Amino acid sequence: MASAVDSAGDPIPTSAVLMASSKQISVKCQAENVAFLKCKKKDPNPEKCLDKGQQVTRCVLGLLRDLHQRCTKEMDAYVGCMYYHTNEFDLCRKEQQAFEKACPLE
C-alpha cells in the first residue's frame, strides 16, 4: 500500500482514511457540514458556498492530522484494513475497536 501520509506527515484523505474517520468527522465537523448543506440547499450556484466548503475541508484535514498524531498506529492499522478490504467496515471491526479506544469520540 502507498503511504497514507504526505511529505509533511499529514494523512492523505483517501476513501479508506475518510471512511475510517467518518464517526469522528460526523461529530467534530458537524457544524461546518450543516452550514455547507444549508448553503447548498439555499443556493444551487456552487460559487456561493465555496467558503463553507473550504471550512468543511479545513475541519476534516485538521481532524485527520490530529487523529493521526494522537493514535498513529491504530489509525494506520484501521486505514490499512479498510484499504485492503475495499472499505468494508465488517471486515475491520477489530482494528476499528482499537482505533476508537485509542482515539475515542469526545
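**Disulfides and core**

Modeller: The link of Cys39 and Cys49 is left-handed, with -95° about the S-S bond. Please bear in mind that this is a predicted model.

Colleague: Which parts does the pair of Cys39 and Cys49 tie together?

Modeller: Cys39 lies in helix α3 (residues 30-42) and Cys49 in the loop between α3 and α4, so the pair ties together parts that are 10 residues apart in sequence. The S to S distance in this disulfide is 2.1 Å. Cys39 and Cys49 are both buried.

Colleague: How many disulfides does a search of the whole structure find?

Modeller: The search finds 4 disulfides. With bonded cysteines counted along the chain, their pattern is 1-4, 2-3, 5-8, 6-7.

Colleague: What about Cys71 and Cys103: how far apart are their sulfur atoms?

Modeller: The sulfur atoms of Cys71 and Cys103 are 1.8 Å apart, and the two residues form a disulfide. That link is left-handed, with -105° about the S-S bond. Cys71 lies in the loop between α4 and α5 and Cys103 in the segment after α6, so this pair ties together parts that are 32 residues apart in sequence. Both cysteines, Cys71 and Cys103, are buried.

Colleague: And Cys81 with Cys92: why is that disulfide left-handed?

Modeller: The torsion about the S-S bond of Cys81 and Cys92 is about -95°, so the disulfide is left-handed. Cys81 lies in helix α5 and Cys92 in the loop between α5 and α6, so the parts tied together are 11 residues apart in sequence. Cys81 is buried with a relative accessible area of 9%, and Cys92 is buried with a relative accessible area of 0%.

Colleague: On to the rings. How many aromatic pairs are there?

Modeller: The count is 1 aromatic pair. The rings of Tyr78 and Phe99 have their centres 5.7 Å apart and their planes at 40°, so the pair is tilted. Tyr78 lies in helix α5 (residues 72-84) and Phe99 in helix α6 (residues 93-102), so the pair ties together parts that are 21 residues apart in sequence.

Colleague: Are Tyr78 and Phe99 buried or exposed?

Modeller: Both are buried. Beyond its neighbours within four places in sequence, Phe99 has contacts that include Cys71, Met75 and Tyr78.

Colleague: Which residues of the largest nonpolar core touch the most other members?

Modeller: Met75 and Phe99 do, in a core of 20 residues. Helices α1 (15-20), α4 (50-70) and α5 each supply at least two residues of this core. The largest share, 6 residues, comes from α4.

Note on methods:
Residues are numbered from 1 along each chain as its sequence is written. This is a predicted model: local features need pLDDT of at least 70, side-chain atom pairs count only at pLDDT 80 or more; totals for chains, interfaces and linings use all residues. Side-chain values use heavy atoms; hydrogens and water are left out. Rings of Phe, Tyr and Trp (its six-membered ring) pair if their centres lie within 6.5 Å; planes under 30 degrees apart count as stacked, over 60 as edge-to-face and the rest as tilted. Helices (H or I, at least four residues) and strands (E, at least two) are DSSP runs, numbered from the N terminus. Buried means under 20% relative accessible area, exposed over 50%, partly exposed in between (1.4 Å probe, protein chains only). A nonpolar core is a set of buried Ala, Val, Leu, Ile, Met, Phe, Trp, Tyr and Cys residues joined through side-chain atoms within 4.5 Å. Contact means heavy atoms within 4.5 Å. A disulfide is a pair of cysteine sulfur atoms within 2.5 Å.
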